[in-house]
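Here is a guided walk through one protein model. Keep the sequence and the 3D view side by side as you read.

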Amino acid sequence: HQRTTTGFKTNGEQLEVELPAQSITTLLIPISMEEPSEEEMLVRTDTPYLILPQYSTEVALQAKSKKVTLESIQWAEYSEEGANDSLIVDASQQWYFVAGTNGRYALRNANGDVLAASSSYALLTTNNYTGANYQLFNIESVDGVFCKITSSSNKKSLDLSNSQYAAGTQV
């Protein structure tokens, strides 16, 4: 994996992102104030991420009550006093990559929910990371900060129910 800075720019307090056309990609946005080094890979295991669908910057992947959906991003108010390490209020939208075997990763949110592929269409969550194949995902760089996330067990990409990307959409 190689870290590149193509496909996005900052404009004041806005992050403008250009996504590749007609591809199954996911935007990973590190939500840490620390700048990664050039040697670091596409994902860092010590940094929380927002996971956004290709066509929306208003919603992010969220896990609650064993369901995985897209929900509106809950941004934190920033202040110098009592500044939070995270810019996201909702811990269920803060995702960490847990190094697994053979370059694969588990995805665990700040509440401890671990993504799990299932035999049904929708993703599920489990409470404990065991390293089982259904908890591991391949992260493939597509174009700079964009990636394709596929399940190690069933090889399916993260997909949105009925190709929707509104809040409440099942993943």
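**Rings and core**

Start with Y105, which counts as buried because its relative accessibility is 11% and the cut-off for buried is under 20%. Bear in mind that the model is predicted.

The structure holds two aromatic pairs. In one of them, the rings of Y49 and F97 have centres 5.2 Å apart and planes at 85 degrees, so this pair is edge-to-face. Y49 sits in strand β4 and F97 in strand β7, so the pair ties together parts that are 48 residues apart in sequence. F97 also pairs with Y105, again edge-to-face, with 5.9 Å centre to centre and 85 degrees between the planes. Together, ring pairs link Y49, F97 and Y105 into a cluster. Y49 and F97 are both buried. For F97, the relative accessible area is 1%.

In soluble globular proteins, nonpolar side chains tend to be buried together. The largest nonpolar core here has 21 residues, and L115, F137, I139 and V171 have the most contacts inside it. Several strands supply at least two residues each, among them β4 (49–53), β7 (95–99), β8 (105–109) and β11 (137–143). The largest share, three residues, comes from β5.

Beyond its neighbours within four places in sequence, V171 is in contact with residues including L61, V68, L70, A122, L123, L158 and L160.

Finish on strand β11, where S141 is found. Is S141 buried or partly exposed? S141 is partly exposed, with a relative accessible area of 27%. Its C-alpha atom is separated by 9.7 Å from that of V43, 98 residues apart along the chain.

How values were computed: Residues numbered from 1 in each chain as written. Predicted model: local features only at pLDDT ≥ 70, side-chain atom pairs only at ≥ 80, totals over all residues. Heavy atoms only, no water. Core = buried A, V, L, I, M, F, W, Y, C linked by side-chain atoms within 4.5 Å. Buried < 20%, exposed > 50% of the residue type's maximum accessible area, 1.4 Å probe, protein only. Helix = DSSP H or I, 4+ residues; strand = E, 2+ residues; numbered from the N terminus. Contact = heavy atoms within 4.5 Å. Phe/Tyr/Trp six-rings, centres within 6.5 Å; stacked < 30°, edge-to-face > 60°.
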